[in-house]
Every structure is written in C-alpha cells, then in structure tokens.
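This report goes through one model, part by part. Please look over the sequence and the structure before reading on.

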Amino acid sequence: MALLDLANPHRFLAFARALVPALALIAAVLLVLGLVLGFRAPPDYQQGETVRIMFIHVPAAWIALGAYTLMAISALGTLVWRHPLADVSAKAAAPIGAAFSLICLLTGALWGRPTWGTYWVWDARLTSVLVLFLVYLGILALWRAIEDPGQAARAVAILTLVGFVNVPIVKFSVDWWNTLHQPASVFRIGGPTIHPVLLTPLLVTAAGFAALFLALHLGAMRNEILRRRVRALRMLAAAGAEAR
Amino acid sequence: MIAALRAILARDLTLAFRVGGGGGIGVVFFLAVVTIVPFAVGPELPLLARIGPAVLWIGALLASLLGLDRIFAADHEDGNLDLLLMAPVPLELIAAMKGAAHWITTGLPLVVAAPLLGLLLGLEPKALAAVTATLLVGTPALTFLGLIGAALAVALPRGGLLVAVLVLPLTIPILIFGVAATTAAVTGLVPFGTPFRLLAALSLVGLVLGPVAAAAAIRVIRD
C-alpha cells in the first residue's frame, strides 16, 4: 500500500522532492487561468464587480475546512494507527489552514462592506469560521508549548479531534440558522445555483488553491522532517560533547 | 471502587479548602469581574439590567477557567498522577471525580453567588431565577470541557493561559444557549425550555466526553 511505503521518511522525502515543484506549477497555472477567467466574467447583476472576491473567498473557506479535516485524519493516524508521518502531516497542515481561514475571513469582510454595508456581523457562519480560526491558533499554541515532538503530537491530536465538532457546524451553519451569509450554492442537492460563467472560474481557482495547499503541505512536511533530523543530530552532538 | 472514587473526591475537596488550595477564589474573581463592568459601561441600572445576564455568564465562564490547569498539574508535580494511573480504578472515572470536585469548589459557589451579584446589576427577580438556573445547568459543561484542556496541559509548567486559549472557543455554544435561555425567560418572546434543554444536553455531553478525552490525553501524553 502506497501510504505504508511512505511511512519511511527517506522515501517520503524523495516523493515530496519530485511532487512539490509539479504541484506548485499546476497551482500557478490553474490560479492564473482561474483569475483571468474570473476577471473576464461579466459582473453579477446584484453584486457588481465585488462578485470576483468569491473566487478567492470560497476556495479559501473550502481549503480551511479541508485542512482541518486532514488534520483530524492525521490525528487518528497518530493515535490509532501510529503512522510515523501522521504527526508531521498534522503539524504541517496547522499554519496553512490557519492562514487560509484568515484569508477567508479577510476577503469576506472586504466583500461584506460594499454588499452588506458592514465588515462584520455576528452571524452563525461568520462566527463559526472565527471559532475555526481560534481553534487553529490554539492548536498552534499547543504545538509550541510542549517541547518533545512526540508528546506534543499526541496532545495536539486529542485537541484536534475534540475541535473537529466545529467543522460540521461551519458547514451546516447556513442551513441550521437564519444567517445573513448565503446558503450553499455549489455543493447542494439539485446542483449548483451559480451560472456556469461564474462557476467555471470558481472551480478552476478552487483546483488551483487545492494544488497550492498540497504543495505547501508537502513542502512543510519535508521541512518538518529535516527539522527533526537537525534536532536529533544536535542532541546527539550535545550528548557526545558531554561524554567527552 | 466506589470507596476509592469517594476518597478521591474527598481528598480533592479537602485540598481545595486547605491553605494554598485556592477553593473560593473563583467567587471573589467573579465578584471582581462583575464589579468592574459598571465602571466600564457606566452605572445606569436599565442598561446594566439588560446586559446583566450576559455579564454574569461571562464572569462565570472566566471564573471557571481559573484554576483549571491545576486539576491534574498539581498531581503530576507531586507524583500522585503516577499512582492514579496505576490504580485499578479506570482513569476516566478518576478524571470525572476530579472534575466533580473542581465543579463543587468553583462552579457551585458561582451559582450560589449569581443571584447576589445579579442584584448589584439591577436584574429583575425573573432574570435572577433564570440566570441562576442556567448557570446551575451550564457550569458543569464548562468544567468538564475544561477538564480536557487541563489534561492536555498536564505536563506544562505554565499551562494556565494556554488552557484558557484551548478551552474558550469550545465553550461558545454553552455561552450562546445559556444567555439565550435567560433572554427567553426575561422577554418571553421564545420559550425558555428550548435553549435550556439544549444547555442541559451540552452538560450531559460534556459529562461523558470530558472525562473520556481527558483520560485519553493523560495516557497518551505520559506514555
């Protein structure tokens, strides 16, 4: 099984070395294409030009949720399957997910000002995404608080799984409550309600963001593995110096 | 096993009320938080009466976060946690007992003090009753969710602030339903029972999830 082969950090590094530039290239091409399509699309009849913010905002929100889901699966990998790279994956995903949720919040605020007349409202969708961002920050703080990487990984894994309750709340907040934020218009029963001329650039940028996330995630995982090697070597060197 | 659990509860309660235990400080902190609010928003009683339930809830939330980090950390430092881990009693039940002891020394005094502090904020009798009832039902949820944060920070020398950062986002639903039930009781626009029952449900979920997750956290961090 491929996932089992990659448990060997050495093989993983070779795999990441080959894949990161390719994914980065795919991301660049898709993002440029998506943005060009997005800027050539006609303005929305209600939102006007601001509809183009959606091409950044919506994929960022998807990636923010996807990154948390990936972290939760990695947490299971740490606690249940004891996969050696699971905690590396969880640690690498956290700052990227936090960044994407921040992008989602900021672009949403910029869109809200001309459309709703306010940068922020305490509506269920906005608040639950803010909570997602806070949970991300808490996870980052816990990673930094515990010195031993293995111990930190197990503590963070538990917190990640507890915090996962928020992900369905974010997703379904627009259905459960009367929110100012519009309900789902792409992944819904009965098909998307967006016109293809706006849907196509959205899906292209979303694919581009996904490729960008994977490139950043694999790159960050590679950095983390190397960082742990440096840490191990330093500790060995310090132990050697003490013995002498 | 019942005797062992009772002994743990009695021990934690005794420790909390002896010198250096810190039991009861939560109420003083609660009083301090409520006292500074009129200075910040101005002493107009109609305004205070309107925001009073929310102020009491925020004060209770902050006060119950206080001292959470010591639930397991103190036992970790003096070696008691090793004994508890080796005990034949399931760690989940031990964690639940320690949570119960913490609630009795922190949460329950807050509930008792809430009507008194509500008078300072000019709450009507109906609002006083509602906020006390919601705090009685809601504070166990705060304590038992906090138990998870306490367990995660067990080995940290200064876990207090971190526990608050980890636990606060998870307590938002409790705050929402607690304040919603109180508002419902005061305004009468929506039934009081709906948010109140959801609050009770959150407490029951916390009662189950908290000790299990806390025990899992202690086990995985210390192996």
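## Model and confidence

The structure is a predicted model. Its scores are ipTM 0.77 and pTM 0.84. For chain B the average pLDDT is 87, and 98% of the residues score at least 70. Where pLDDT is low, the predicted coordinates should not be read in detail.

## Chain A

Chain A contains eight helices and zero strands. Along the sequence this gives the pattern α-α-α-α-α-α-α-α. The C-alpha trace of chain A spans about 75 × 35 × 30 Å along its principal axes.

Chain A has 244 residues, of which 38% count as buried. If contacts in chain A are taken between residues at least 6 apart in sequence, 76% of them join residues at least 24 apart.

## A loop residue in chain A

Arg82(A) lies in the loop between helix H3 (54–81) and helix H4 (86–116) of chain A. Although Arg82(A) is not a glycine, it has a positive phi of about 55°. Is Arg82(A) buried or exposed? Arg82(A) counts as exposed because it has 10 C-beta neighbours inside 10 Å, and a residue with 12 or fewer is placed in that class.

## Two helices of chain B

Helix H6 (residues 91–120) of chain B and H7(B) have axes that come within 9 Å and cross at roughly 155°. H6(B) is therefore roughly antiparallel to H7(B), since angles over 145 degrees count as such. The crossing of H6(B) past H7(B) is right-handed.

On the H6(B) side, the residues that make the contact include Ala95(B), Gly99(B), His102(B), Trp103(B) and Thr106(B). On the H7(B) side, they include Ala127(B), Leu128(B), Val131(B), Thr132(B) and Phe144(B). The residues of this contact of H6(B) with H7(B) divide into 15 nonpolar, eight polar and no charged.

## Where the chains meet

How many residues of chain B are in contact with chain A? There are 14 residues of chain B in contact with 15 residues of chain A. On the side of chain B that touches chain A, the elements giving two or more residues are helix H7 (125–152), helix H8 (160–187) and helix H9 (193–222) of chain B. H8(B) provides the largest share of that side, six residues.

By residue class, the side of chain B that touches chain A divides into 14 nonpolar, no polar and no charged.

Methods. Residues are numbered from 1 along each chain as its sequence is written. Chains are lettered from A and ligands numbered from 1 in the order in which they are written. This is a predicted model: local features need pLDDT of at least 70, side-chain atom pairs count only at pLDDT 80 or more; totals for chains, interfaces and linings use all residues. Two residues are in contact if their C-beta atoms, placed from the backbone, lie within 7 Å. Helices (H or I, at least four residues) and strands (E, at least two) are DSSP runs, numbered from the N terminus. Ala, Val, Leu, Ile, Met, Phe, Trp, Tyr, Cys and Pro count as nonpolar, Asp, Glu, Lys and Arg as charged, and the others, Gly among them, as polar. A residue is buried if 20 or more other C-beta atoms lie within 10 Å of its own, exposed if 12 or fewer, and partly exposed in between; C-beta atoms are placed from the backbone. pLDDT is the predictor's confidence in each residue, from 0 to 100. Axes are lines fitted to C-alpha atoms, for helices over the stretch in contact, and angles run from 0 to 180 degrees between N-to-C directions. Angles under 35 degrees count as roughly parallel, over 145 as roughly antiparallel, 65 to 115 as roughly perpendicular and the rest as oblique. A crossing is left-handed if the near helix is turned anticlockwise from the far one by less than a right angle, and right-handed if clockwise.
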